[in-house]
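Please read it alongside the sequence and coordinates.

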Amino acid sequence: MANIPHDASASAPPAELGEMELYHPRSWWTKYVFSQDAKVIAVQYAVTAFGIGFVALVLSWLIRLQLGFPGTFTFITPEVYYQFITMHGMIMVVYLLTALFLGGFGNYLIPLMVGARDMVFPYANMLSYWIYLLAVLVLVVSFFVPGGPTGAGWTLYPPQAIMSNTPGQQGGIVLMLISLALFIIGFTMGGLNYTVTVLQARARGMTLMRMPLTVWGIFVATVMALLAFPALFVAAVMMLFDKALGTSFFMPTLVEFGQQMSYGGGSPILFQHLFWFFGHPEVYIVALPAFGIVSDLIATHARRNIFGYRMMVWAIVIIGVLSFVVWAHHMYVSGMNPYFGFFFATTTLIIAVPTAIKVYNWVLTLWRGDIHFTTPMLFALGFIVTFVNGGLSGLFLGNVVVDVPLSDTMFVVAHFHMVMGVAPIMVIFGAIYHWYPKVTGRMLSEVLGKFHFWVTFVGAYLIFFPMHYVGLTGAPRRYFETTGIAVVPESAMALNAFISVMAFIVGFAQLVFIFNLVWSVKNGKESGGNPWRATSLEWQTPKTPPEHGNWGKELPVVYRWAYDYSVPGADEDFIPQNQPAVAGRETAS
């Protein structure tokens with residue numbers, strides 16, 4: 001009986017499209033700065049995202065100084081404290097996580113993983129990065145305008161966001177809204193590129209059900225973003241009109257300092273609906289690429305085929321669809337008809353089902369695998385544990401009765417950071433350790449990598465687990481100072497100081513990671529073409545790092561799925577996607 005693994009074939013269908021014509025750079029500027037090569041653009045996205053992300057890290061330290069040691073640092077006034085919170089939240093969610101997963105990993109991995117020479121629209125791809133950079137620069141400029149950046153909270157709720165007593169209500173809020181609009185314009189160019197490349201530029205034999213789960217995660221997240229970001233774009237433009245032109249889309253009739261303002265008839269709740277129609281899909285715009293990347297890391301470093309591949313694909317798609325019908329669980333305290341509350345609480349619980357399926361499949365993939373505890377694998381396992389723990393606290397907040405008393409406490413901050421902060425950042429680190437050899441041809445230091453993992457993983461739990469308790473005591477979020485509030489016990493104040501110290505220790509570990517990145521470019525051990533002995537196409541390029549065009553003279557031909565590990569009868573424990581099936585026996589090249 002022939003021993004041919006899952007989905008393998010000896011031949012591939014003929015090409016449906018001819019070779020794409022590449023743009024060839026004519027100078028250093030067009031090769032490395034105004035580049036149309038998706039790999040260079042990916043690195044540009046990553047460097048910019050990490051740069052603005054470091055600003056958010058410093059802001060988080062300043063926030064923790066005030067919370068842990070209130071009154072000690074006099075330069076942290078209530079106004080700048082709220083500005084720090086606002087900018088930290090917006091930078092991390094939009095300008096770091098979204099840009100890095102879609103702009104960074106999406107640009108680098110999609111063409112390589114589907115066997116394409118580049119993105120379908122290279123020039124638009126280049127423009128997408130420069131518009132993203134412009135959005136970041138506009139955001140940074142807001143730190144230097146009179147009044148500083150906006151301090152309205154990262155959700156930018158009106159009417160507070162543009163009222164005169166809100167920090168940054170002059171130029172800060174205007175620049176924030178312009179920056180968000182620019183970000184969305186730039187993303188739309190990139191997102192259309194990712195979508196068309198996946199649908200139209202796959203290599204011969206690369207069917208949709210042979211694509212690695214990383215591509216599936218980025219692809220579905222991109223489609224979601226193309227549908228969800230317009231709501232934020234419209235909200236930003238409408239609020240900009242309210243601020244600059246005096247319209248009343250979101251501003252009701254208001255009295256300020258005894259004087260009736262010119263606004264009237266607007267609805268602040270409308271802004272909340274628009275924001276969270278973007279905001280909750282945004283959680284999965286970040287999570288789905290993370291799900292896909294973790295699936296590939298686990299399969300590669302456990303030397304096992306992914307369990308239930310088709311189920312995993314459909315779980316990604318179903319999560320993407322359901323994420324559009326749960327947004328109002330962020331709005332229980334805004335006032336809601338009980339029937340609507342029941343609907344959104346129910347859909348919130350339903351979306352946990354496909355997410356749980358993914359966790360079960362990861363565990364079953366690990367079961368009896370030849371697990372290699374490399375740094376990428378440690379971060380992948382850390383993600384699974386963290387995402388499950390964060391998700392469990394989310395089940396409480398998805399219930400109306402429990403959410404209302406907890407909504408304005410530090411419990412929400414702890415949950416959100418576990419799910420939307422620590423978990424995806426674990427995946428980012430794991431992915432960088434995994435694909436760094438492909439980008440540079442060098443390995444990152446495993447010793448420094450494992451130090452980085454353990455300090456980050458243990459430190460994150462020492463930060464956010466106590467924060468859950470602080471929230472359960474009733475300690476409010478968004479408050480500049482909680483000293484003297486009757487419901488906040490001394491134990492919560494002591495824990496706040498401990499949390500702040502741990503935040504600085506975890507931050508130090510990130511500096512070790514940056515040192516590892518820079519040092520290894522020249523001094524890391526040479527990786528070779530496929531150091532992890534992986535099956536997916538990006539590891540089968542003729543040269544490492546891949547040259548412009550990725551594949552040399554001939555595009556690859558795909559004969560199997562991306563997860564042929566430990567196949568019985570094979571000479572080695574992996575079979576690349578571009579190796580034809582051999583009836584009776586499998587051999588790895």
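## Terms and basis of the model

A residue is called buried when its relative accessible area is under 20%, exposed when that area is over 50%, and partly exposed in between, using a 1.4 Å probe and protein chains only. The model is predicted, so local features need pLDDT of at least 70 and side-chain atom pairs count only at pLDDT 80 or more, whereas totals for chains, interfaces and linings use all residues. Residues are numbered from 1 along each chain as its sequence is written, and side-chain values use heavy atoms, with hydrogens and water left out.

## Salt bridges

With a salt bridge taken as a side-chain nitrogen of Lys or Arg within 4 Å of a carboxyl oxygen of Asp or Glu, the count comes to 9 salt bridges. One of them joins the side chains of Lys39 and Asp37, with an N to O distance of 3.1 Å. Lys39 is buried, at a relative accessible area of 8%, and Asp37 also counts as buried, at 10%.

Another salt bridge is formed by Asp573 and Arg303, at 2.9 Å from N to O. This pair links distant parts of the chain, 270 residues apart: Asp573 belongs to the segment after α15 (490-523), while Arg303 sits in the loop between α7 (268-302) and α8 (309-322). The helices named here are DSSP runs of H or I with at least four residues (strands are runs of E with at least two), numbered from the N terminus. Arg303 is buried, with a relative accessible area of 3%, whereas Asp573 is partly exposed, at 23%.

Lys543 and Glu547 form a further salt bridge, in which the closest N and O atoms are 3.0 Å apart. Both partners are partly exposed, Lys543 with a relative accessible area of 46% and Glu547 with one of 44%. Elsewhere, salt bridges that share partners join Arg303, Arg533, Glu572 and Asp573 into one network.

## Helix packing

Axes are lines fitted to C-alpha atoms, for helices over the stretch in contact, and the angles between N-to-C directions run from 0 to 180 degrees. Angles under 35 degrees count as roughly parallel, over 145 as roughly antiparallel, 65 to 115 as roughly perpendicular, and the rest as oblique. Helix α2 (residues 38-68) packs against helix α3 (residues 78-114) at an angle of about 155°, with the axes 8 Å apart, which means that α2 is roughly antiparallel to α3. Their crossing is left-handed, a term for a near helix turned anticlockwise from the far one by less than a right angle, clockwise being right-handed. The residues of this contact divide into 26 nonpolar, 7 polar and 1 charged, where Ala, Val, Leu, Ile, Met, Phe, Trp, Tyr, Cys and Pro count as nonpolar, Asp, Glu, Lys and Arg as charged, and the others, Gly among them, as polar.

For helix α11 (residues 375-397) and helix α13 (residues 410-440), the axes come within 8 Å and cross at roughly 160°, and the two helices are therefore roughly antiparallel to each other. The crossing of α11 and α13 is left-handed, and the residues of their contact comprise 16 nonpolar, 11 polar and no charged.

## Individual residues

Thr347 has its place in helix α9 (residues 338-350) and is buried, with a relative accessible area of 8%. Leaving aside neighbours within four places in sequence, Thr347 is in contact (heavy atoms within 4.5 Å) with Val325 and Val326.

Leu134, in helix α4 (residues 122-141), is partly exposed, with a relative accessible area of 42%.
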